[in-house]
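Here is a short briefing on one protein model. Look at the structure first, then read the points below.

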Amino acid sequence: MESTESRERTADEDGTEPTPAERTHRRPWRRWAARTALAAVLLLLVPLLAAEAALRINYTGDPAEGTYTRDRDALWLGHAWVDGRKKDADVAALARRLDGTGIRDLYVHSGPLEHDGTLPTSAYPRARWLIDAVHRELPGVRVQAWLGDILAPEHPEALHLERPESRAAILRSTRRVLDAGYDGVHFDLEPLHSGDRNYLTLLDALHAETEARDVPLSVAAHQIDPLPGFHSVWGALTGHPKWWSQEFFGQVARRVDQIAVMSYDTMQPLEGTYGGYVAQQTALALEVTPPSTDLLMGLPFFKENRFGHWAHAETVPAAVRGVRLGLSRTDADRAAFGVALYVDFAATEADWTAYREGWADAP
């Protein structure tokens with residue numbers, strides 16, 4: 001027997017209940033709507049689940065022998081190292097921390113750039129002290145100025161690379177930090193859309209300057225399309241393309257001495273799929289990075305839980321294993337290769353142990 005509530009829900013506007021024939025007539029429409037909704041859900045879920053399964057499979061197998069550090073690793077360091085907060089004792093502790101690892105480059109946050117591309121020297125007042133201290137405590141390790149800013153068009157009130165005067169200002173800022181004694185310069189400009197010709201023009205000018213001084217030009221790079229054209233689809237849906245095409249990644253890699261992939265903030269929900277994703281990214285990057293350019297894969301030395309990054313999934317052990325698998329399958333003997341650790345002030349002992357045991361301490 002139908003309840004009063006049920007009868008009210010099926011009553012016509014004039015208060016009369018539908019006849020059995022009318023109910024029968026309505027049911028196919030309800031079934032059609034339910035089936036359409038189910039089909040839409042499956043249309044989204046099936047490809048997603050298939051992609052995640054493929055990434056998990058990509059995480060299987062054993063890395064090749066010898067796929068360990070090539071002594072070309074890097075570490076991102078926070079601004080405290082050049083603004084006066086760090087002392088000689090901190091450099092000595094850093095030297096002990098890095099002893100026996102493959103780290104030879106320190107990307108020291110020395111900005112950010114102003115939105116017009118300029119950089120006041122007051123942004124890095126203790127640079128000379130740090131550079132001298134690192135050279136004393138860590139012979140052979142280079143100190144690079146890590147510079148960056150947010151970019152238009154996603155942030156209109158930001159750095160506009162399409163403006164020649166902004167690019168010229170960035171070049172002048174680069175000259176000043178190199179005059180201050182830095183061993184190189186590392187750029188992290190975000191969000192940088194795939195195919196940005198203004199960025200390539202900037203890199204050409206920067207590389208001419210660094211090459212003349214015999215110091216490296218290094219950049220942080222977005223991840224590569226996991227599927228061809230994926231950045232275009234994602235950009236159309238969200239307004240934030242996030243990924244680069246593999247072709248554009250290669251164009252950038254050919255203009256620099258080092259390229260470090262930010263292979264974290266991947267939206268992967270599981271450790272196995274994250275490791276498989278890193279293996280894929282490593283392979284894609286190796287395919288288009290010339291042997292003369294150092295390719296570094298980023299390791300997540302930080303813990304966050306938000307959309308785009310899950311700490312339980314994006315772990316250092318998973319990243320290291322993924323790097324080794326991608327290297328093994330694509331170019332196991334590649335010499336100009338390493339990992340880049342992001343970032344010193346968020347790192348835990350477990351992160352450092354995983355890096356050492358999985359990558360730096362070759363058996």
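Helices (H or I, at least four residues) and strands (E, at least two) are DSSP runs, numbered from the N terminus. Thr266, for example, lies in the loop between strand E6 and helix H9 (271–288). The model is predicted: local features need pLDDT of at least 70, side-chain atom pairs count only at pLDDT 80 or more, and totals for chains, interfaces and linings use all residues. Residues are numbered from 1 along each chain as its sequence is written, and side-chain values use heavy atoms, with hydrogens and water left out.

**The barrel**

- Eight strands form a closed barrel in the order E1-E2-E3-E4-E5-E6-E7-E10, with parallel pairing. Two strands pair if DSSP finds at least two bridges between them.
- Neighbouring strands of this sheet are turned by 25° against each other on average, direction ignored. Axes here are lines fitted to C-alpha atoms, for helices over the stretch in contact, and angles run from 0 to 180 degrees between N-to-C directions.
- Strand E7 (residues 294–300) runs parallel to strand E10 (residues 337–342), and six bridges join them. Leu295 stands opposite Phe337 in E10.
- Helix H9 lies across E6, E7 and E10. It runs at about 165° to E7.

- Is strand E5 (residues 217–221) buried or exposed? Five of its five residues are buried, so the strand is largely enclosed by the rest of the structure. Buried means under 20% relative accessible area, exposed over 50%, and partly exposed in between (1.4 Å probe, protein chains only).
- In a regular strand the side chains alternate between the two faces of the sheet.
- Both faces of E5 are covered. Leu217, Val219 and Ala221 are buried on one side, and Ser218 and Ala220 on the other.
- Strand E4 (residues 184–190) pairs with E5 in the parallel sense, over three bridges. Here His186 stands opposite Ser218.
- Strand E6 (residues 258–261) also runs parallel to E5, joined by four bridges. Ala221 stands opposite Val261 in E6.
- E4, helix H6 (residues 197–213) and E5 make a right-handed β-α-β unit. A crossover is right-handed if, with the strands pointing away from the viewer, the path from the first strand over the helix to the second runs clockwise.

**Helix packing**

- H6 packs with helix H8 (residues 246–253) at an angle of about 20°, and their axes are 10 Å apart. That makes H6 roughly parallel to H8. Angles under 35 degrees count as roughly parallel, over 145 as roughly antiparallel, 65 to 115 as roughly perpendicular and the rest as oblique.
- Which residues meet between H6 and H8? Arg197, Tyr199, Leu200 and Leu203 in H6 meet Phe248, Gln251 and Val252 in H8. Contact means heavy atoms within 4.5 Å.
- Helix H4 (residues 127–137) has these buried residues: Ala127, Trp129, Leu130, Ile131, Ala133 and Val134. They pack against helix H3 (88–98), strand E2 (103–109) and strand E3 (142–150).

**Two buried loop residues**

- Thr266 is buried, with a relative accessible area of 2%. Leaving aside neighbours within four places in sequence, Thr266 is in contact with Gln223, Tyr274, Tyr277, Gly308 and Glu314.
- Pro191 lies in the loop between E4 and H6. At 11% relative accessibility, Pro191 counts as buried.
- Pro191 and Leu151 are 40 residues apart in sequence, but 5.9 Å apart in space, C-alpha to C-alpha.
- Leaving aside neighbours within four places in sequence, the contacts of Pro191 include Leu151, Glu154, His155, His222 and His240.

**Backbone exceptions**

- Most residues other than glycine have a negative phi, and most peptide bonds are trans.
- A cis peptide bond joins Glu190 and Pro191, with omega about -10°.
- Tyr342 and Val343 are also joined by a cis bond, with omega near 10°. Val343 lies in the loop between E10 and helix H11 (349–360).
- Asp71 has a positive phi, near 60°. Asp71 sits in the loop between helix H2 (20–58) and strand E1 (73–77), and is partly exposed at 48% relative accessible area.
- Asp214, which is not a glycine, has a positive phi of about 60°. Asp214 lies in the loop between H6 and E5, and is exposed at 72% relative accessible area.
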